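Please keep the sequence and the 3D view open while going through them.

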Amino acid sequence: MTSMARYDVDGLRGAMTGVVVLPGEAGFDDARSIWNGAIDRKPALIARCRTAGDVAAAVTFGRDNSLEIAVRGGGHGFAGTAVCDDGLMIDLSLLNGVRVHPDERRAVVGGGATLADLDAATQAHGLAVTGGVISHTGVGGLTLGGGMGWLTGRCGLSLDNLVGAQVVLADGRIVHAAERDHADLFWALRGGGGNFGVVTEFEFALHEVGPEVHLGLLFWGLDQGREALRACRDSIPGLPETSGVLIAAAMDAPAAPFVPPEHHFAPGHALMVVGFDGAEEHDRSLDAVRRACPPLFEFVTPLPYVALQGMLDDSAPWGIGGYEKALYLDDLTDDAVDVLATRAGEKRSPLSFAPIFVLDGAYARVGDDDTAYGGRRRRQYVVNLAAVGPDLAAPAVDRDWVRSLWDELRPLAEDGEAT
């Protein structure tokens with residue numbers, strides 16, 4: 001552990017309205033903890049910032065002292081880049097405010113806000129912007145890398161809806177980046193990750209969504225794997241373009257009230273479809289897949305958009321251990337379906353699974369070079385392979401399952417590993 005004795009920590013504390021926490025001090029271990037419990041890193045100090053000025057002071061301190069800097073927004077990421085060993089962790093979690101301007105359909109969001117913070121504020125006005133599918137995900141990391149979720153087909157990626165950002169640069173300057181202001185930086189922020197500065201505020205364009213949407217969840221057992229996954233693939237082009245679609249391959253059925261008790265924890269595959277155009281039309285949109293492969297059970301219901309956003313939270317609780325790889329597929333070919341169906345029963349943790357997002361609609365109407373996002377803007381699938389478990393042994397056991405499954409799917413992909 002790096003000694004702070006030779007650094008002017010008191011000077012940093014005096015320059016901030018937030019707090020600086022050192023190892024051994026109250027709150028240090030809580031502040032360094034992140035969503036992936038498999039990551040156990042110990043920074044030399046943590047700057048818990050309350051303002052952009054605090055962030056600028058922390059960045060300057062880190063630069064002047066040649067410290068590695070990690071930035072924590074929501075702390076929700078498999079790789080654990082929010083925390084480093086023996087360096088400076090800049091914690092934005094106190095910068096979690098959301099200001100909504102409903103007449104302009106805009107939201108200004110703090111760099112430490114979560115999707116739950118964002119959705120609660122925007123849904124008060126019947127508005128939303130694309131987010132992920134776990135409500136405690138941080139807005140910052142999600143947006144800077146892309147940001148896909150239930151609204152991708154309707155609204156594009158999170159980054160496609162970014163209209164401005166307040167950024168602290170490496171030299172400590174605070175700038176506003178937008179299409180006509182630091183345009184190169186604005187381009188890079190949309191998909192280039194967190195290496196161009198510390199974003200302390202995001203400004204999003206919002207869309208009318210909810211407050212009620214419609215969910216359809218269909219579930220098949222492992223013995224229906226090939227037939228079910230092909231039925232999902234073949235029915236997706238017939239769904240409304242604005243639908244939110246997620247195929248959950250190798251997923252265990254939850255012990256939820258809407259799941260028949262005899263199917264609790266049953267391994268299998270699921271299709272989740274979110275509709276925005278009325279209950280009857282949404283129910284009819286599921287008929288094709290029902291006819292092609294009758295599910296083991298199904299659950300079709302209206303629900304608040306904020307409930308949809310938190311629906312999968314129990315599958316990824318805070319502190320869980322996780323490991324992930326991902327890739328793009330132009331299509332779920334029969335070969336890809338065969339790989340997924342054959343290997344689905346080999347995982348060991350009930351929480352490990354392969355969520356597959358359909359990228360189409362508004363996503364595909366953005367030019368490949370319009371942003372720094374690395375995925376090509378055409379209709380395709382992004383296949384995530386997640387080893388997840390309630391203790392640190394579980395992801396280690398399923399890590400080989402993820403890697404070998406990725407290796408088998410890789411020859412079927414053109415673009416390689418996804419962001």
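1. The second largest pocket has a volume of about 470 Å³, a value that, like the others in this note, was computed from a predicted model. Its lining is made up of 19 residues, and those that lie nearest the centre of the pocket are Asp 252, Pro 254, Leu 312, Asp 314 and Ser 315. Sorted by kind, the lining of this second largest pocket holds 14 nonpolar residues, two polar ones and three charged ones. As background, rolling a probe the size of a water molecule over the atoms shows where empty space is left.

2. The next point concerns a sheet and the helices beside it. Five strands form an open sheet, in which they follow the order S5-S6-S10-S8-S9 with antiparallel pairing. Because S5 and strand S9 (174-177) stand at the edges and each has a single partner strand, one side of each is left without a neighbour in the sheet. From one strand to the next, the twist averages 15°. In general, strands of a sheet pair through backbone hydrogen bonds, either parallel or antiparallel.

3. Within this sheet, strand S8 (residues 162-168) and S9 run antiparallel and are joined by four bridges, and a place to look for the pairing is Val 167, which stands opposite Val 175 in S9. Helix H3 (residues 52-64) packs on the sheet, where it touches S8, S9 and strand S10 (198-205), and the direction of H3 makes about 50° with that of S8. Helix H4 also packs on the sheet, but its contacts there are with S5 and S6, and its direction makes about 30° with that of S5.

4. Which residues of helix H4 (residues 115-123) are buried? They are Leu 115, Leu 118, Asp 119, Ala 121, Thr 122 and Gln 123. The elements that cover these buried residues include strand S5 (98-101) and strand S6 (106-110), together with strand S7 (127-128), helix H5 (139-145) and helix H11 (305-310).

5. Although Arg 154 and Glu 241 are 87 residues apart along the chain, their C-alpha atoms are separated by 7.2 Å. When neighbours within four places in sequence are left aside, Arg 154 is in contact with Glu 208, Val 209, Thr 242, Phe 276 and Ala 362.

6. Some details of the backbone also deserve a careful look. Gly 210 and Pro 211 are joined by a cis peptide bond, with omega about 10°, and Pro 211 is found in the loop between strand S11 (207-208) and strand S12 (212-221).

7. Where does Ser 66 lie? Its place is in the loop between H3 and strand S3 (69-72), and Ser 66 has a positive phi of about 55° although it is not a glycine. With a relative accessible area of 70%, Ser 66 is exposed. Arg 105, which lies in the loop between S5 and S6, likewise has a positive phi, near 50°, in a residue other than glycine. Arg 105 has a relative accessible area of 37% and is partly exposed.

Key: Residues are numbered from 1 along each chain as its sequence is written. This is a predicted model: local features need pLDDT of at least 70, side-chain atom pairs count only at pLDDT 80 or more; totals for chains, interfaces and linings use all residues. Side-chain values use heavy atoms; hydrogens and water are left out. Buried means under 20% relative accessible area, exposed over 50%, partly exposed in between (1.4 Å probe, protein chains only). Helices (H or I, at least four residues) and strands (E, at least two) are DSSP runs, numbered from the N terminus. Contact means heavy atoms within 4.5 Å. Two strands pair if DSSP finds at least two bridges between them. Axes are lines fitted to C-alpha atoms, for helices over the stretch in contact, and angles run from 0 to 180 degrees between N-to-C directions. On a 1 Å grid over the protein atoms alone, a cavity is a set of points where a 1.4 Å probe fits but cannot get out, and a pocket is an open set with protein on both sides within 12 Å along at least five of seven lines; lining residues have an atom within 4 Å of a point. Grid points are joined across faces, edges and corners, and a volume is the space filled by probe spheres set on the points. Ala, Val, Leu, Ile, Met, Phe, Trp, Tyr, Cys and Pro count as nonpolar, Asp, Glu, Lys and Arg as charged, and the others, Gly among them, as polar.
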